[in-house]
Amino acid sequence: MLLPDKAGLAQLLRRYRTWEQLVLQEPHNPLRRRRLDDVAYTLCVLMGHRTAHDAIRAAETYLGRGPRGDRKLQAPGILRTRRHNSSRKERT
C-alpha cells in the first residue's frame, strides 16, 4: 500500500478539523456540510478506510499523534535524539 505524504496528510487533517468546527457552529449550512464530507471522503481514500472516524484515527497514528494532535508518544524520542545529536556535534 502506498502511504500519503505526511505534510499533505497533516494539512488535510487540519482542514477536516476546521470544517468540523464550522459545521458544529452552523449545522444546517449545506455548503459547510458538503466541504466537511469532501475532506472526510479524501481522508478515507488516502488512508484506505470506509469511515471518516477510522480514517482520522489511522491518519493520526501514521503521523505519530494521538487523538486531536496529541504528540505525547512522539515527543520524548525526538527530544532525546536532538539532545544526543547536538552533544555529539559539540564533542567533534
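Which residue forms a salt bridge with Arg32? Arg32 pairs with Glu26, and their closest N and O atoms are 3.3 Å apart. A salt bridge here is a side-chain nitrogen of Lys or Arg within 4 Å of a carboxyl oxygen of Asp or Glu.

This is a predicted model, in which local features need pLDDT of at least 70 and side-chain atom pairs count only at pLDDT 80 or more, while totals for chains, interfaces and linings use all residues. Residues are numbered from 1 along each chain as its sequence is written, and side-chain values use heavy atoms, with hydrogens and water left out.

**Helix H2**

- Helices are DSSP runs (H or I, at least four residues), numbered from the N terminus.
- Helix H2 covers residues 30–47, and its 18 residues should span 26 Å at 1.5 Å a residue, which agrees with the 26 Å between its end C-alpha atoms. The expected span is 1.5 Å times one less than the number of residues.
- Asn29 caps the N-terminal end of H2, with a side-chain oxygen 2.9 Å from the backbone nitrogen of Leu31.
- Just after H2, Gly48 has a positive phi of about 75°.

- Buried means under 20% relative accessible area, exposed means over 50%, and partly exposed lies in between (1.4 Å probe, protein chains only).
- The buried residues in H2 are Arg32, Leu36, Val39, Ala40, Leu43, Cys44 and Met47. They cover an arc of only 145° around the axis, so they sit on the same side of H2. The arc is that of the directions from the helix axis to the C-beta atoms.
- Pro30, Asp37, Tyr41 and Val45 are exposed on the other side of H2.
- Helix H1 (6–25) and helix H3 (52–62) are what the buried residues of H2 pack against; contact means heavy atoms within 4.5 Å.

**Salt bridges**

- The count of salt bridges comes to four.
- Arg17 and Glu20 form one of them, with the closest N and O atoms 3.5 Å apart. Both residues lie in helix H1, three residues apart, about one turn of the helix.
- Arg17 also forms a salt bridge with Glu60, where the closest N and O atoms are 2.6 Å apart. This pair links distant parts of the chain, since Glu60 is in helix H3 and Arg17 in helix H1, 43 residues apart.
- Arg17, Glu20 and Glu60 are linked in a network of salt bridges.
- Glu20 and Arg17 are both buried, and Glu60 is buried as well.
- Glu26, the partner of Arg32, is partly exposed, with a relative accessible area of 37%.

Definitions and conventions: Helix = DSSP H or I, 4+ residues; strand = E, 2+ residues; numbered from the N terminus. Polar contact = N/O pair within 3.5 Å; in protein donor to acceptor, adjacent residues only side chain to side chain.
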